[in-house]
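Open the model in your viewer and keep the selection tool at hand.

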Amino acid sequence: MSAGLWTAFEAAAATGGALCARGGDPDRWIAEEWAAKGLSIDTRTLSPGEMFVALNDMRDGHDFLESAFERGASAALVARAPANAPDGAPLLVVPDTLEGLRDLARAARLRNFGKRVAVTGSVGKTSTKEMLRAALEGLGHVHASDKSFNNHWGVPLTLARMPIDADFGVFEIGMNHAGEITPLTNLVKPHVAVVTTIGEAHIEFLGSRENIARAKAEIFLGVVKSGAVILPIDNDQFGLLRDLARRAGVERIISFGEAKDADIRLISYRGDASGSEIAASIFGETLDFPLGAPGRHQAMNALAVIGAARALGASAARAAAGLKDHGAAAGRGAQTKVRLSSGAEVTILDESYNANPTSMAAALALLGQMNPKGKGRRIAVLGQMFELGPTAPELHAGLADPLLAAGVDALYVAGALMDHLWDKAPPAIRAGRAGDARALAPSILESLEDGDIIMVKGSNASKVSEIVAAIKAAAESP
Ligand SMILES: Nc1ncnc2c1ncn2[C@@H]1O[C@H](COP(=O)(O)OP(=O)(O)OP(=O)(O)O)[C@@H](O)[C@H]1O
Ligand SMILES: [Mg+2]
């Protein structure tokens with residue numbers, strides 16, 4: 001694509017907006033000549049040549065027009081031309097900028113002939129989205145969501161950024177409440193929709209696992225005719241998801257997991273700290289492949305990815321080949337070895353990006369699968385999980401089983417709700433607790449010994465990531 005992502009005329013046609021510029025000499029308006037090479041909603045990360053979209057979300061983007069043009073914006077999508085829009089700066093004026101962004105998204109979809117995959121689920125969306133990117137990259141030009149851009153502006157932004165020549169678009173779609181996924185899936189209209197798993201994330205707003213499954217199942221409503229869905233067969237909500245997919249008119253339902261009827265079935269899993277070897281049955285044919293990201297839960301994500309690739313008509317083996325070197329992302333299982341000033345070499349398993357009961361259990365299982373060297377210990381540092389509603393105390397206490405199964409030698413907890421786990425943990429492994437994660441850092445640092453593996457996980461708001469930062473700051477990488 002030579003002209004960039006959007007020309008002025010294309011963007012105006014897509015949005016029905018007016019091309020103009022504020023003030024200045026009308027004879028010198030350049031409003032109709034610009035082309036944007038990308039889209040940005042944040043002037044701090046805007047690259048020169050991008051169109052700035054002035055969304056009114058946490059803050060009003062119109063307040064940042066001046067800095068957008070200072071940073072080299074090629075144009076701005078606005079709902080008004082405020083006084084701080086520089087004279088002559090090209091504007092595309094629409095009644096509502098979020099609606100304008102959605103219009104661009106729809107037009108980006110209609111002019112592209114590639115295939116779209118949308119991923120939802122209680123956990124594993126970003127992990128699976130990144131795995132899909134890696135798996136599909138060997139098969140064509142992939143466009144995928146940035147970070148966790150999965151909400152009412154993240155999804156349209158991702159779609160509006162999709163280049164005209166992308167062969168694949170990969171979208172993360174999230175929700176906190178029922179009804180949020182419907183407009184997003186109708187915008188993306190995926191050829192393939194993946195549900196990674198149903199857990200308890202956001203149960204505070206949804207009330208039950210069944211309601212969570214129903215809310216995730218909204219993703220089926222946008223699936224194109226003759227499209228497919230990829231569903232987790234081992235999940236207790238599988239039957240409901242399958243029924244809802246059928247009711248939505250989806251003809252092709254592909255299941256993944258360990259149950260013997262799974263279309264994409266895990267035959268065996270061997271994993272260590274650095275990755276795993278997977279044997280799977282893909283519609284009856286055996287496929288062995290290595291996966292860079294460690295943990296059984298990542299193996300499950302990989303099966304979903306292979307199911308999606310097959311639904312897109314790709315070969316399972318070629319998709320799997322892209323996963324060999326695909327490691328875990330920061331805060332989602334990335335491992336770092338550090339040497340402390342005491343000389344102790346310690347492995348940090350950084351799961352601090354976020355947590356809910358499903359991903360906590362997965363991370364503990366991964367810790368259990370890692371073998372400390374010498375006299376090293378398995379240390380779990382767990383921060384409180386938020387947004388779990390009235391069952392939160394039980395859900396925290398319920399981590400005792402995976403904790404014991406993982407063979408954890410020392411447990412640190414932060415946050416009041418974690419006391420429910422603390423009380424159930426064997427006294428011998430209780431190493432420390434605090435209301436605030438940051439208060440734990442000094443005693444953890446002091447206790448670390450050679451060979452220890454320390455896994456840090458908690459909800460974002462629990463701030464356990466600061467413990468990872470404190471250990472890294474106190475260490476030099478070997
Ligand atoms: N299939 C899975 N089952 C259980 N845990 C998983 C699974 N996939 C990833 N995880 C773990 O869950 C955590 C969150 O992963 P990830 O960021 O991929 O999820 P997400 O659904 O995108 O989250 P968010 O809703 O915050 O965007 C990580 O710690 C990751 O290791
Ligand atoms: Mg995410």
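Which helices each supply at least two residues of the shell around ligand 1? Select helix H4 (125–137), helix H10 (296–311) and helix H12 (357–369): each of them does. Keep in mind that this is a predicted model.

**Stop 1: the shell.** Now show the residues around ligand 1. There are 18 of them.

Stop 2: Zoom in on Thr-126. One of its backbone N or O atoms lies 2.7 Å from an oxygen atom of ligand 1. Next, pick His-297. Here a side-chain N or O atom is 3.4 Å from an oxygen atom of ligand 1. Then go to Asn-301. Its side chain places an N or O atom 2.9 Å from a nitrogen atom of ligand 1. Switch to a surface view: of the 640 Å² of accessible area that ligand 1 has on its own, the protein covers 91%.

**Stop 3: a helix pair.** How far apart are the axes of H1 and H3, and at what angle do the helices pack? The axes are 8 Å apart, and the angle is about 110°. That angle makes H1 roughly perpendicular to H3. Show side chains at the contact. H1 brings Ala-11, Ala-14 and Thr-15. H3 brings Gly-100, Asp-103, Leu-104 and Ala-107. By class, the residues of this contact are four nonpolar, two polar and one charged.

Methods. Residues numbered from 1 in each chain as written. Chains lettered and ligands numbered in written order. Predicted model: local features only at pLDDT ≥ 70, side-chain atom pairs only at ≥ 80, totals over all residues. Heavy atoms only, no water. Axes fitted to C-alpha atoms, helices over the stretch in contact; angles between N-to-C directions. Helix = DSSP H or I, 4+ residues; strand = E, 2+ residues; numbered from the N terminus. Parallel < 35°, antiparallel > 145°, perpendicular 65-115°, else oblique. Contact = heavy atoms within 4.5 Å. Nonpolar A, V, L, I, M, F, W, Y, C, P; charged D, E, K, R; others polar. Near = heavy atom within 4 Å. Polar contact = N/O pair within 3.5 Å; in protein donor to acceptor, adjacent residues only side chain to side chain. Areas by Shrake-Rupley, 256 points an atom, 1.4 Å probe, with all protein chains shown as cover.
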